[in-house]
Amino acid sequence: QHWKQNAQKSIYLIKKLREKTGIDLLINGGDILTKETTKALAYAKMSNFISELESTGCAVYSCIGNHEFNNPNMSQDSADLAITLSLEEVCSVLYDRQIYNNAVFDSTSGCYYIDIKKTRIFVLQCNYGSNVYLTATRWVLEQMTQIPNGYNVMLFSHVVVEWSEDISSSVPKDRVQAVLNAMDAIKSKTSITYEGRTYDYST
């Protein structure tokens, strides 16, 4: 994450890990951008970053971070010129790859899942404020009711899934917590109720 700020060292680390462990799958956690001033620069930065990750020989999937929508440097003056991208614009760059042909997407929130070796991997997207859309939560909860028997479930998101006292109370914790509750319900073969709707994971 934060490709520019971490001195672009990620690729070297990943290649070394691949040599030592044989990993073959990467999930990019988001926040590729840092204060790009034109859409063309933002598109190029995202595309180049994914290409760099793919050069490690791993299959690469991505979450969307809040900086993909708008990428200000908060230490700069509030009048900085960082551009803003829509969800559709971000998705058109990050997900325009053959590897996503077998992914199942929600066009409203940009969430998706992929099936790999009897594991269903969900990617829960956030928006500009590092919050999770209510529509995203509802979509993931519904899709989790349809997981084939015998599958494992994994969840990835740019948004943190556990909170401590120093994390802003403005983050709608219940939206991510509902997804975590659903994962627990899958294990225990029970159900959860969220926003007035019951999601049954008993089967």
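**A first look at helix α1 and the cores**

Hi everyone, let's start with α1: its 12 residues reach 16 Å from first C-alpha to last, close to the 16 Å expected at 1.5 Å a residue, where the expected span is 1.5 Å times one less than the number of residues. Helices here are DSSP runs of H or I with at least four residues, strands are runs of E with at least two, and both are numbered from the N terminus.

A quick word on the source: this is a predicted model, where local features need pLDDT of at least 70, side-chain atom pairs count only at pLDDT 80 or more, and totals for chains, interfaces and linings use all residues. Residues are numbered from 1 along each chain as its sequence is written, and side-chain values use heavy atoms, leaving out hydrogens and water.

Which residues of α1 are buried? They are S10, I11 and I14, with buried meaning under 20% relative accessible area, exposed over 50% and partly exposed in between, using a 1.4 Å probe and protein chains only. These residues cover an arc of only 90° around the axis, so they sit on the same side of α1; that arc is taken from the directions from the helix axis to the C-beta atoms. On the face turned away, you'll find Y12, L13, E19 and K20 exposed. After α1 comes G22, with a positive phi near 80°.

Now the largest nonpolar core, with 30 residues: M46, L53, I64, L94 and Y112 touch the most other members. Such a core joins buried Ala, Val, Leu, Ile, Met, Phe, Trp, Tyr and Cys residues through side-chain atoms within 4.5 Å. Apart from it lies another core of 24 residues, including C111 and M144.
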